[in-house]
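Dear colleague,

I am handing over the structure we spoke about, so that you can look through it yourself.

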Amino acid sequence: MSAAASRSPRGGAAPARALAARVLERVEADAAYADLTLEAETERGRLATRDVGLATELVYGTLRWQRYLDWILTPHSRRRLEALDTRVRVLLRMTAYQLVFLTRVPAFAAVNDAVTLARSGPRGAAEYTNAVLRAFGRRGPREREPAPPRDPIDALATRCSFPTWLAARWIERYGDADATALMRAMNERPALSVRANTLRISREMLAARLHAEDGVATQPTAWAPEGLTVEHAAGAPGRWRAFGDGVCVVQDEASMLVARLLQPHPGETVIDACAAPGTKTTHLAQLMEDRGRIVALDPQPARLARVNEATARLGITSVQTIESTVQELAGSSGPRADAVLADAPCTNLGVLRRHPEVKWRRRPDGIAASAARQHESLVAAARLAKPDGRLVYATCSPEPEENTAVIAAFLADHPAWRLDPPGDFPLKLDVDGYLRTRPDRHGTDGFTAVRLRRG
């Protein structure tokens, strides 16, 4: 990560740090989503590519390492961090992240910008920010860490920057070593991968075009035959000519495998029960050669509009969008689909690399609440499948309550359905027939998915 950042022409803070601070403050104060807020702020500010890159690094890095940063900052603050003004707390974390993790960032620039940005906070905020960061900056890397918590799980969770309850769950399930590896991997920057729109271009031709037009270096993904992992890119994917021409889609490789698990065929009727933003919907259309009918559901018009935008950009004609929940559609009609994809809303605990703010918002009781909603969606989705129809249930969560427990309860109540793992699949399925991906093992997002068949 380059540390270069443009300076304000009026001697203010660097635009990248100012933008990152605004995003982090909204995430903290308004429970906003980091990705959507960063996208909106970036479009509004029209920053240079290098500034967008630094702002993105600051936002996601600070959120990933938030608990660890609070731990090493605490000895230098006379006041409890949680009692500080939101802007001051955000600036302290963001600057500590730069000093500890971004070795190419000049310490004086990071601290000076934090003090400048703090001046718009409450009275005395700039002076307090300056005092804490100067004291923190005088410490060496080893000296910055205070004594760890006495409880070993609490200590591990602090060093890995995870909530203790979640660390404890993963340690109990996977053991200390695997849980630590998973938490560390969840704090890494995720690789950028793209899916070739094989209706228009092959993976090999896409790789050559990306390199020739925009200097994007790629390599084939390990399992998805239409995927490319980006090794180097000078700009954001939305600015690539290939993206604008609709020959590629940004998508994690694990997500690509979910549509392949359903194995849709040309001419079939397929229902995508939770379609927005349309990434898996359009992949289903590719696998069907854009022949047949895909019904894409979402109850929110704005989210459904994103599905329509995706299909239009990719030149796909087989998708029909319907403003509805799967429960509403199942209540108004009988079986109609050869295959159903139920990519159920979940706790998102498998995609913390991309949504690090989520781990600070989830609570243990939220997993059970999520599972109850998922069971309801699964039952409705199953009602839409014809006899001998296929159904893939998927979540971006590793938690068994949201996956194996939901499926077990469903199968117990619906004896006409059975597990139906494909005999041949790009990534080896687990012994129980489930597709399970993890960032520490596969370098992908954490997805769990299984295929069922009716009759």
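Below is what was found in the structure, taken one region after another.

Please keep in mind throughout that this is a predicted model.

Helix 5, which covers residues 86-101, packs against helix 6, residues 107-118, with about 175° between them and a distance of 10 Å between their axes. Since an angle over 145 degrees counts as roughly antiparallel, helix 5 is therefore described as roughly antiparallel to helix 6. On the side of helix 5 the contact is made by Arg87, Leu91, Thr95, Gln98 and Leu99, while helix 6 brings Ala107, Ala110, Val111, Ala114, Leu117 and Ala118.

The next point is the largest nonpolar core, which has 49 residues, and in which Leu58, Val59, Leu73, Leu91, Leu92 and Met94 touch the most other members. At least two residues of this core come from each of helix 1 (15-30), helix 2 (34-45), helix 3 (49-64), helix 4 (66-73), helix 5, helix 6 and helix 7 (125-137). If you select Leu73 and set aside residues up to four places away in sequence, you will find that Leu73 touches Leu81, Leu92, Arg93, Ala96, Val132 and Phe136. Another core, of 34 residues, lies apart from this one, and its members include Ala285, Ala339, Ala394 and Ala449.

Two single residues are also worth a look. Thr395 belongs to strand 9, which spans residues 385-395, and because its relative accessibility is 0%, Thr395 counts as buried. Which residues is Thr395 in contact with, leaving aside its neighbours within four places in sequence? They are Asp343, Ala344, Cys346, Gln374, Glu402, Asn403, Gly446, Phe447 and Thr448. With one of these, Asn403, the contact is a polar one between the two side chains, at 2.7 Å, and the side chain of Thr395 also reaches the backbone oxygen of Ser397 at 3.3 Å. Although Thr395 and Ala342 are 53 residues apart along the chain, their C-alpha atoms are separated by 8.6 Å.

Ser377 sits in helix 17, residues 364-383. Is Ser377, at 14% relative accessibility, buried or exposed? Because buried means under 20% relative accessible area, Ser377 counts as buried. Not counting residues up to four places away in sequence, Ser377 touches Val326 and Gln327.

With best wishes

Notes:
Residues numbered from 1 in each chain as written. Predicted model: local features only at pLDDT ≥ 70, side-chain atom pairs only at ≥ 80, totals over all residues. Heavy atoms only, no water. Helix = DSSP H or I, 4+ residues; strand = E, 2+ residues; numbered from the N terminus. Buried < 20%, exposed > 50% of the residue type's maximum accessible area, 1.4 Å probe, protein only. Contact = heavy atoms within 4.5 Å. Polar contact = N/O pair within 3.5 Å; in protein donor to acceptor, adjacent residues only side chain to side chain. Axes fitted to C-alpha atoms, helices over the stretch in contact; angles between N-to-C directions. Parallel < 35°, antiparallel > 145°, perpendicular 65-115°, else oblique. Core = buried A, V, L, I, M, F, W, Y, C linked by side-chain atoms within 4.5 Å.
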